[in-house]
Amino acid sequence: MQDLERVDEPRDDRIAIDPESLYRRYGPMVLRRCRRLLGDEERARDAMQDVFVELLSHREALSERAPSSLLWVIATRVCLNRLRSLRRRRETTGEVADRALLEALAELPDTSERTGARGLLTRLFGGEPESSRVIAVLHHVDGLTLEETAAAVGLSVSGVRKRLRGLRERLGALWPMEDA
Amino acid sequence: MKRRDAVPELLVERLRLGELSSQEAARVRERLARADELDRLRVPDEPGFSRMPDALRERLARTREREASRRRHASRGWSLAVTAASFATMALVLALPTAGLRDKGGEAPALVVYRQLTTQRDHEALADGARARPGDLLQLGYRPGSERAVAIYSIDGRGIVTTHLGPTRAAAANEQRLPTAFRLDDAPGFERFLLVTGDELAEAALVPALRTLAARPDARTAPLVGPWRVVSLTLDKAPP
């Protein structure tokens, strides 16, 4: 049996990001994404700014995923949370297929925004795992394959499948017929 | 239901940004051409992105300051909490009967793997199937639920078994964190953590079962056979 290595020195390899250049390059993409999901220009612009603020908390992931994919995922989550808070069912315009599915996913609790020990415990012992709603939007609303979805969120394909299975029962008849 | 033959908008955006490999870009262009949707590559200019708005710049500055402040205040709290938890766990095991502490609701045991982020103070809980890299600094936590005994092991893609917590009596029903963190090594494929619980656990029975599991070609998903309950959480160490 291998002895467990005990480590005392913490890592501190913070990823440096330049928000200004990321905003200039990816801002239009993020705005289009938010506009598409929210169907309202003003709300889309607000959400777009929230995405770049939230990016600061995800700088580590920039080393593992292309910025466009990471920003797309963050924008999806931000917009899902906005849809839930707005509680505007079938009132928004927009070119998103499966609006009913999107809004149902938005209603599910997302513990990813909580921070601190309590949030971590909540994530483990209750509520949906982080980003399951986002995974469902990427696969069933956006149409990404399982492999493309996995690459976008930094999970394995089996991990993505497991997340989708976990949501299926909760959404019942709204869940797409094609199995993940 | 989104048409499976439609080109996802994320791929179109990444093509516009030049973030696809030449092969991927060619495939996406071909799909768009087949669907007569090459005009999706053209989008109107979005005004207002030549520079970041001052309001957003200020929000980012405030967010950075809040994060820095939180790290400063939490810096003693994290290490103290880990130290206190380990002492508290020892005290409870020695001084109190386990029956008085047990969660009698039949609650299921749970396992959590925390990964340190940028500093010792920031961390995230990893889900089953999450990606991990050699050198990632991890800390384990568990909740025994209504079980009397717990142990935590891991097996990796090389077939190596590691003890994280030898069989011990479950001191309390709430979450316990192991007092030390550890770094993932460069074993390929996966690192699978197993929280083993039951009425009684003995290494004499666990070790052979773990070695048998670790030697299997399907060690990543096969069950740990024996008179115990297992919660498994696997990290994917495959290259991106």
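Helices are DSSP runs of H or I, at least four residues; strands are runs of E, at least two; both are numbered from the N terminus. Over residues 111-130 of chain A the pLDDT is below 50. Beyond near neighbours in sequence, that stretch has 37 contacts in the model (heavy atoms within 4.5 Å). Where pLDDT is low, the predicted coordinates should not be read in detail. Chain A as a whole averages 72, and 63% of its residues score at least 70.

Next, the cysteines. A disulfide is a pair of cysteine sulfur atoms within 2.5 Å. By this rule the count over all chains is zero. Cys34(A) is in no disulfide; its nearest cysteine sulfur, in Cys79(A), is 3.6 Å away. That is too far for a bond. Cys34(A) counts as buried because its relative accessibility is 0%. Cys79(A), also at 0%, counts as buried too. Buried means under 20% relative accessible area, exposed over 50%, partly exposed in between (1.4 Å probe, protein chains only).

Now turn to chain B. Its helix α5 (residues 203-215) has 13 residues and should span 18 Å at 1.5 Å a residue. The expected span is 1.5 Å times one less than the number of residues. The end C-alpha atoms are 18 Å apart, which agrees. Buried residues of α5(B) include Leu206(B), Leu210(B) and Leu213(B). The buried residues of α5(B) pack against β4 (149-156), β5 (161-169) and β8 (190-198) of chain B.

Residues are numbered from 1 along each chain as its sequence is written, and chains are lettered from A and ligands numbered from 1 in the order in which they are written. Local features need pLDDT of at least 70 and side-chain atom pairs 80 or more, while totals for chains, interfaces and linings use all residues; side-chain values use heavy atoms, leaving out hydrogens and water.

Methods:
pLDDT is the predictor's confidence in each residue, from 0 to 100.
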